[in-house]
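Thanks, everyone, for making the time this morning.

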Amino acid sequence: MTILTPERVLRLLIEVIFVLLGALVVWLALSGRISVERQKPSWFILSAALILWGLRALYGPNKWWARWENWTRGLSLTLLGVVMLVISRVPFEWIGPLLASAGVLMGLRGIIGTALVFRPR
């Protein structure tokens, strides 16, 4: 049995928030209730920041026991940034499905992160 330390409880809460946020984005994207200003510079800056943040998490100095958590976090942030960058360049009809895929990415990150929280060290 894994004892949940305060650090693990906080990580678990963060991962559950990612699952819920991903589900919300998928729901909003598929229902057509979300609209983005994809041509604004702020959209490009945010997507570039997410890509850089994800690459930093992938290639930054890691603690050996947190390797999988950092890899999951970095890959999901990088892919989310790439999806956001693609959204700024595709036809309008593709925005909803791409936003839904971004929500799925966030949800998967939360699910994998939750499994990693309960992994024995």
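I will go from the overall layout to the helices, then to the open spaces and the aromatic rings.

Please keep in mind that this is a predicted model, in which local features need pLDDT of at least 70 and side-chain atom pairs count only at pLDDT 80 or more, while totals for chains, interfaces and linings use all residues. Residues are numbered from 1 along each chain as its sequence is written, and side-chain values use heavy atoms, with hydrogens and water left out.

Let me begin with the layout. The protein has four helices and zero strands, and along the sequence this reads as the pattern α-α-α-α; helices here are DSSP runs of H or I with at least four residues, strands are runs of E with at least two, and both are numbered from the N terminus. Taken along the principal axes, the C-alpha atoms fill a box of roughly 50 × 30 × 15 Å. Of the 121 residues in the protein, 38% are buried, where buried means under 20% relative accessible area, exposed means over 50%, and partly exposed is in between, using a 1.4 Å probe and protein chains only. Among the contacts with a separation of 6 or more, 78% come from residues 24 or more positions apart, a contact being heavy atoms within 4.5 Å.

Now to the helices, starting with H1. This helix has 26 residues and reaches 37 Å from its first C-alpha to its last, close to the 38 Å expected at 1.5 Å a residue; the expected span is 1.5 Å times one less than the number of residues. Its buried residues, including Arg8, Arg11, Leu12 and Glu15, pack against H3 and H4. Just after H1, Gly32 takes a positive phi of about 80°.

H3 has 21 residues and spans 30 Å from its first C-alpha to its last, close to the 30 Å expected. The buried residues of H3, among them Glu69, Thr72, Leu77 and Thr78, pack against helix H1 (6–31), helix H2 (41–59) and helix H4 (95–117).

Which residues does Thr78 touch, not counting residues up to four places away in sequence? They are Leu50, Ile51, Gly54, Leu55 and Leu58.

Next, the open spaces. A search of the whole structure finds two cavities of 30 Å³ or more. On a 1 Å grid over the protein atoms alone, a cavity is a set of points where a 1.4 Å probe fits but cannot get out, a pocket is an open set with protein on both sides within 12 Å along at least five of seven lines, and lining residues have an atom within 4 Å of a point. Grid points are joined across faces, edges and corners, and a volume is the space filled by probe spheres set on the points.

The largest cavity holds about 80 Å³ of space, and its lining includes Arg11, Glu15, Glu69, Thr72 and Arg109. H4 gives the most to that lining, with four residues. The second largest pocket has a volume of about 170 Å³, and Gly32, Phe92, Glu93 and Leu99 are among the residues that line it. Here, too, H4 gives the most, with three residues.

Finally, the rings. Rings of Phe, Tyr and Trp (its six-membered ring) pair if their centres lie within 6.5 Å, and planes under 30 degrees apart count as stacked, over 60 as edge-to-face and the rest as tilted. By this rule there is one aromatic pair: Trp68 and Trp71 are edge-to-face, 6.0 Å centre to centre, with 75° between the planes. Both lie in helix H3 (residues 67–87), three residues apart, about one turn of the helix. Trp68 is partly exposed at 43%, and Trp71 is partly exposed at 45%.

Arg109, one of the residues lining the largest cavity, lies over the face of Phe18, at 3.9 Å from the ring centre; a charge sits over a ring if NZ of Lys or CZ of Arg is within 6 Å of the ring centre and within 35 degrees of the ring normal.
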